[in-house]
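I have put my reading into a few numbered points, which you can follow with the structure open.

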Amino acid sequence: MAVELEQNMAGDHQLVRAALLGETSAFGAIVEKYWNMVMALALSKVSDTTEAEDIAQESFLKAYSQLINLRDPSRLAGWLSKITLQQCSNSLRRTIRNKRALGCRATSVKALDEQSAMTANPGLTQNQIQFVRQTVKNLPDKFRTMIIMRFVAGLSTVQIAEQLGKRPGTVRVRLHRAYKLLRKDLAPILEEVRS
Amino acid sequence: MKTCDKYKNLIEKYIEGTISEGQLAELKNHAEKCDSCRAQFERCILLQDVVKEALSSQTSAEQAGASIVARLSEEPNLRPAHARFSTILYSGKRAAIAAGILLAIGLLLGFVTGRAGKPARTPLTAQVPISVGKVDGTVLVKHEGSNVWQTMESGSYVHLGDTFHSSAKSVCRLEFEDESTIDLNQNSMLVLKSFNGQTQFFLEHGECTAALESPHGPFFIDTPHGRVEALGTEFTVTVE
């Protein structure tokens, strides 16, 4: 596990270094590596897939333009997650403001989240996808990012702790609390999927 | 029962992503024989799959990478800021030579202008390990020695002497490496005065809430009316 952790961080370090030297393909490799995590973070804030993809793309472009500000390349995933969540907040605010400017009744953030969802994998029904996304969305902020980094990006608690600059013990406790909440709230879906 | 306790620990390790291949094989082997552990392990796998699937995208990671690279090639303005400077920074020997030359020029200039021997001023760009967390609304930052206010960006790092200004209905969070945080509330102005063993802020007006991880070093928030020293872990300072 320690070797894997070191390899992962060394890989990020090299990719960031190459991207800063102007190799766009290196940044493309960063996008490939973290696309699923960034998309999941966006989808945990805005359920509309097209909007989430826009947010993910904008997040990567912003990250590229500000790559010089990344103090510690071994914390690339944590840095990307912060940028993505900020882009999500900006997007939600912009959507509400545009609706107001057009004279429409402002859609609440909750209502925006309830818009239709699409996903690549047909295993779950649309209702189930919406239910799962809403459940993840309802998690406290400090739990949500950890769940996504663990389940979607596949990072271990040790790696998440490194990325977010937290103690491994803190991450472990929060991950288990989040897991318990999800297990309880998603119990009906898990039963449906299993049967 | 004691045997199952061992496998429940392994399931926890599986959730944490810290299980070794050998332990995983052992867990799978046991789950085939034990109904209770099998149910728990399967539920755990299913939960992860369901969350992953619900939060997946139609665009594959490869497509996304290619698409971003294409955009970067089409729009050269998107290249990383100060890329040339970073090139120097990353090229070991050249960085040392460049730093030596700059230092020599600096010392010469200092001597010529009669400033040699005076205590060195803290560099304007001294970055400290405090990052900008969540930003809601419009929060501006001004670096020491500059008159330019910039929008605060989440994920960026704070510099010594930075002044933070939050407008109405705007808040932001500063995050320390030890998980301590400072929330700057609306209509507030806060200055980072020192970060050298002890942390010292100056709250000119408005309100800020500090949540410090214990144990923490000396931590002060000065105000126009006096100094507040952190003894506990969570407190709010208001200057009207």
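**Notes on the two chains**

1. Chain A first: of its 195 residues, 45% count as buried. Please keep in mind throughout that this is a predicted model.

2. The secondary structure of chain A is simple to describe, with 10 helices and 0 strands. Read from the N terminus, its elements run α-α-α-α-α-α-α-α-α-α.

3. As for contacts in chain A between residues at least 6 apart in sequence, 65% of them join residues at least 24 apart.

4. Chain B brings in both kinds of element, with 6 helices and 12 strands. Of the 240 residues in chain B, 22% are buried. When contacts in chain B between residues at least 6 apart in sequence are taken, 39% join residues at least 24 apart.

5. One helix to look at in chain B is α3, which covers residues 35–54 and so has 20 residues. From first C-alpha to last, α3 of chain B reaches 28 Å, close to the 28 Å expected at 1.5 Å a residue. Which residues of α3(B) are buried? They are C37(B), F41(B), L47(B), V50(B), V51(B) and A54(B).

6. Further along chain B, have a look at strands β10 (residues 219–223) and β11 (residues 226–229), which run antiparallel and are joined by 4 bridges. The link from β10(B) to β11(B) is a hairpin through 2 residues. For a specific pair to find on screen, take D222(B), whose bridge partner in β11(B) is R227(B).

Terms used
Residues are numbered from 1 along each chain as its sequence is written. Chains are lettered from A and ligands numbered from 1 in the order in which they are written. This is a predicted model: local features need pLDDT of at least 70, side-chain atom pairs count only at pLDDT 80 or more; totals for chains, interfaces and linings use all residues. A residue is buried if 20 or more other C-beta atoms lie within 10 Å of its own, exposed if 12 or fewer, and partly exposed in between; C-beta atoms are placed from the backbone. Two residues are in contact if their C-beta atoms, placed from the backbone, lie within 7 Å. The expected span of a helix is 1.5 Å times one less than its number of residues. Two strands pair if DSSP finds at least two bridges between them.
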